[in-house]
Amino acid sequence: MADAKGATGHSSSMKGGSSPKLDTYVQLLEKMSLSSTAKTLNSDDLQQARHAASRIFQHIAALERSSKEHLCRNSSFIKALLTSLEANKDFTVSKLIVDAFAELIGRTNTGTRCANLVEEDTTKAFFQLLVRESKNDIPDEFVLQVHHVLSKLALKDRKFGVKGRRNLALPVTLSFLRSHTHSAAAKSLQPVLNVLKSYANNATNASELGEKGAVAHLFKVVSNVNKKNMLMTKVALETLVLILKSKSNSRKAVECGGVPMVLQMYREWHKIDTKNRQVALRKALLHILKHVTNTKVGRQAVIDGDGVALLYTTCEDIMDVRELDSFVFISSIILRKCFPRQKLPANATKAALLFKLPESDFHVPQSLSKDAALLNGITVNMEGREYEDSSLDNDDDRSSNDEAESDKPGSGLSGGDRTDDAVHKRSLEDLRMYQQFFPEVLDIEVGEEFLPDMEHKNEIESDEQTSRRGVCDSNFGCQHYPEGSGRTSWPDATSRPDITSWPVSDTAPATSLKGKPQNGTVLNGGCRARELLDAGASAVNMKTGQPVFSLDIPVGTPSSRSKGKNSFPERKIKLKRREKSTKKVESLPDLHTLQIEVVNESEVDAQFSADEWVSPEDFYAVARKTNSVGKFNKIAYPDLHGSKLLHRREKLYDRKFGIQRAKIFEDLDRMVNSDSLLNKTVYDFEESFKLSEELTSEKWSSANRDVERLGKPAEPYDHLHFNSHFECGNLRKAIQVKAMQYDLILCPDVNTNHHHQWFYFEVSNMVADKPYQFNIINNEKVNSQFNSGMQPVMYSVQSAVNGEPSWSRVGTDVCYFRNNLSRSLQVTGGAKGKLYYTTTFTVTFRHSYDVCYIAYHYPYTYSTLQCQLLQWQRNVDGSPIYFKNQVLCQSLGGNDVNVLTITDYPSSKSKEAIEQFRNKPYIFLTGRVHPGESNASWIMKGTIEHLLSNSEEAIALRQTYIFKIVPMLNPDGVINGNHRCSLVAEDLNRRWLVSCPKLHPTIYHTKGMLLFMKQMQRTPLVYCDYHGHSRKKNVFLYGCSASQSWMTDDVDNPSVLADKTEDMSYKMLPKILAHNAQAFSMSSCSFSVEKAKEATGRVVVWRQIGVLRSYTMESTFCGCDQGQYSGSQINLTDLQVMGSKFVDALLKLKSRNYKASYLDEPELKMSAEDTTLVFQDDNSADYDDGYLEDNLSDGISEDEDDDELQENVIE
Ligand SMILES: [Zn+2]
């Protein structure tokens, strides 16, 4: 002792937790250990070292827990101890130090102590010790003690597995396990198993352990300790779960007989564990089966071991046990893998509707080049491998393909498209054609009377005139100008616009463009279509050229109309704010003028109300001009009669707990007991197509006979009847699977074999008060808001006749989950192992033998838009409103694409007034590029009706801005019930970078207008494209921020200022909306510019046109989880109010110097000062905080639907 004291000399620098005595021993030990590296210790030194180590151990063992914690934080003390452990060569000393560490860590509440020790890299020292000592004959207790310390360190050491492998400790641990699996020794293996489990958390380790035989050893341990030691059994099983993630290890598990053992254990525990105390252990057994069934031998072993029956019956038993919820889910995954994959009971590889595309030298649609073979029914060489076994191997590994997909840039970026962009080659001459879409410039001149043409305003054109009129329309005030060259600038206000400088073709563009192939918008069959239309056909099948349906309802003839008593009754619509009250009903059956119960919320603008719906006669007249690919046999009742706005809020659907589990089990049940299914096809789109062709006009005395069908059972009586041969309808097949249950298959987008999400169909022949279950079985997205409170919408004709014409949310037991139907490689584009998803809901109808319409979301058809345009034109309140509706171009399907201009007239014809008028900033709005996003159209309706109203805001908006609106960018997609694409089978919102005038005319010409505006130095102040978002709640904007761009040095865009700082004013509009609009959520907004989005409208308008405030507005299909509407599903009123609030927000966007600067420097990028908002209310402080600096991007994917982020969620 005296020597020991003398050896240390001065007091230590160690602090905290250690006494001077302890310090002394540690320093002595360290010294002795280090000296032993140089020469062999003599026996005296050895004795000293052992003595010191022993005293250290005793000292620590005697400490209180708090003192141990203190000591662990003493870095130099721990370091000295570790140095000694590493350096000394004496086993006794090593053992004492290890015991000292074990005491230091303790048995319970070891967290902070371990964390401190991990910081000193105690882990590494222990691994090295283990490997070094394992070469000698060392006692088991020592090995177990080292593993005990390691297992504690593993809890806090994130690199534990890697350190173990790098220090070659894995074989040591494993070999100890192997030599101790016999039952007598096995009971002490707990620390070794704990360490193994920590190793196995690392995938490389897991496969290394598997190669070294860990699988068999672990199964042996499990069989020896099962029911004797729960904790060890659990840890051994959990280690197996980790190791078996590797498929080759899973095969080893099958080879060593693991599957029957696991099944047997699962069976026993299910029986014994009635109080559910071993949930983790039982769950581990299921997870082992889940991994094992990723291999073919594993699936066979489960089937051979009667695993299917076991899992099925155990699921039945535990259906109501809340804490075993996940068991049903995992079992369902295993069972699905054991059953042979099923195909969709429809020809899923072929499109339901085909449309012959015009030839284009410029661009071959991806879909066409890839799918051409399948569309023509030619077998591609993937056939045969389609349902190959290996497809199962990726079953739960969804990430690979999905990520690859979402990383892929938009199609517009692929190949050589970008550099070949004909858009860049569009010359000034090419762009001149767009000047005719700026009638406000041409119409209004200095010193001339510019009174609006009131006489013509409400005049109804004859069918001949309205059909296929083309862009130029005398009724719209667009004059015919002779061709000529001249100035290409915006007309100078000081002089009369030089008409000759505005070369406008003197014929409709469809014709005028003929000479220029790249501008051609004339499509195959277009002329034939026109002939037929002129001959009175209601609509024309673009494939066959046959009339689509005939109407024999009285449609006014041109002659009768010319006498002023036309078939469009003059119904002056008051766009003014009405009294918020209940308006009395007019007597039935005049269904379109029903009682209006205006929502009693100050928020709701009374201008959106039901009596403004067009008359059925108007609708017939307009709808007959709509061109579809497939044949229609009716106009849907809701189109004809509109929907009353609900005065009640519809809550988010509060699903009972366990519904998802029950539905998944039900799906399993169908696999197991497939014999019990009826499998009776009761509707087939392609078949009924043929039938409807045989229908004569006698049978269809009107385009809608729903009312006549009410209350009458129809043959065959024993099942529901379906129909989707109407605008936006897309049901391909209905199969009665049980008496009250139907499987529904949706049509893919035209010319494709996928994109199933939107649905719209008619159902009839039902009995009241009985639950009918509908399963839409070919959805493709990995999750849906149907799991988060969303319900489908339904419209009952009987209720409408009874005075309640309205869409409302319906359906109980609503749920969305993955099913067992394989998507073929042709459908997935080669991605293996993809399954379809089921949307299921149950509807209990109120009326027997009703005719009901069920849809994904509130439908808004192309014909509806056309009718409303007609109505808006008629009813615009005269002189204060400048409103023009022109046809920008025709779609591939031969449908007009409208462009609207809304503003006011100059205050006078003075030079100043005209100048002020012409210098008003432009707002450019587009919508419905994605046909399945009908919410976008309802918002657009709200925007347009608000702009045409007489509200103060509307007047101010018209005074301030000129609005250019293309309300429906994808009419063909909408008409034909597509979800995502146009007839080209491409997502048009990936066609803004490169578009073909023949194949993507709507995008080509909309972009043409924007390019023309840029050329004329009239770049819009704001661009916004209206969309719907299927996975999120609320309404929100996506904008463009240079600093959040995927490009590292993104400077070629409007948000980068001269000094390289970023103009943040693009964040103002969303900020205003967050205050302005109840449905709007700032926190959902994102401003990142992703590579995959380079070809979208938002990014192209930002980057190429130079619009700083270029947005996508996304609206939920579901509802809101913030603001005043929180907890409610979104309805028609909310959507329309959102549309009006969006434009109202623009009023607050006026910057102080905006007008002047805009005039002088169109390209001017406003500085932060300039963009200080001009507030019209008092709460400006609200806007004026650090909001702009908020980092709003959280990597949200934009524009919906590209990426499949979430896995099927279980409650
Ligand atoms: Zn969209």
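Biologist: In β18, which residue is the bridge partner of threonine 926?

Modeller: First, a note: this is a predicted model, numbered from 1 along each chain as its sequence is written, where local features need pLDDT of at least 70 and side-chain atom pairs count only at pLDDT 80 or more, while totals for chains, interfaces and linings use all residues. Side-chain values use heavy atoms, leaving out hydrogens and water. β16 and β18 pair in the parallel sense over five bridges (strands pair if DSSP finds at least two bridges between them; strands, E, at least two residues, and helices, H or I, at least four, are DSSP runs numbered from the N terminus). Within β18, the bridge partner of threonine 926 is aspartate 1025.

Biologist: And in β20, which residue is the bridge partner of histidine 1029?

Modeller: β18 also pairs with strand β20 (residues 1109-1116), in the parallel sense and over eight bridges. In β20, the bridge partner of histidine 1029 is threonine 1116.

Biologist: How many residues of β18 are buried?

Modeller: Here buried means under 20% relative accessible area, exposed means over 50%, and partly exposed lies in between, with a 1.4 Å probe and protein chains only. In a regular strand, side chains alternate between the two faces of the sheet. On β18, both faces are covered, with Val1022, Cys1024, Tyr1026 and Gly1028 buried on one side and Tyr1023, Asp1025, His1027 and His1029 buried on the other. Of its eight residues, the number buried is eight.

Biologist: At what distances is the zinc ion coordinated?

Modeller: Donors are N, O and S atoms within 2.8 Å of the metal (3.2 Å for Na, K and Ca), and sites may look incomplete because water is not among the atoms. The zinc ion is coordinated by His930 (ND1), Glu933 (OE), Glu933 (OE) and His1027 (ND1), at 2.1 to 2.3 Å.

Biologist: What angles do the four donor atoms around the zinc ion subtend?

Modeller: Four donors count as tetrahedral if all angles lie between 85 and 135 degrees; four count as square planar and six as octahedral if opposite donors are over 155 degrees apart and all others between 65 and 115; anything else is irregular. Around this zinc ion the arrangement is irregular, because the angles are 58 to 151 degrees.

Biologist: How many residues apart are histidine 930 and histidine 1027?

Modeller: The donor residues of the zinc ion follow the spacing H-x2-E-x93-H. This pair links distant parts of the chain: histidine 930 is in the loop between β16 (922-927) and α42 (934-947), and histidine 1027 is in strand β18 (residues 1022-1029). Their separation in residues is 97.

Biologist: Which elements do the buried residues of α46 pack against?

Modeller: Helix α46 (residues 1068-1076) has seven of its nine residues buried, so the rest of the structure largely encloses it. Met1068, Leu1069 and Pro1070 are among those buried. Contact here means heavy atoms within 4.5 Å. The buried residues pack against β18, β19 (1035-1038), β20 and α48 (1132-1147).

Biologist: Which residue does a cis peptide bond join to glutamate 715?

Modeller: Glutamate 715 sits in the loop between α37 (706-709) and β4 (721-723), and it is exposed at 63% relative accessible area. The cis peptide bond has an omega of about -15 degrees, and the residue it joins to glutamate 715 is proline 716.

Biologist: What is the phi of glutamine 1017?

Modeller: Glutamine 1017 lies in the loop between α45 (1001-1015) and β18, and at 43% relative accessibility it counts as partly exposed. Although glutamine 1017 is not a glycine, its phi is positive, at about 60 degrees.

Biologist: What percentage of the residues of the protein count as buried?

Modeller: The protein has 49 helices and 20 strands. Of its 1211 residues, the share that counts as buried is 63%.
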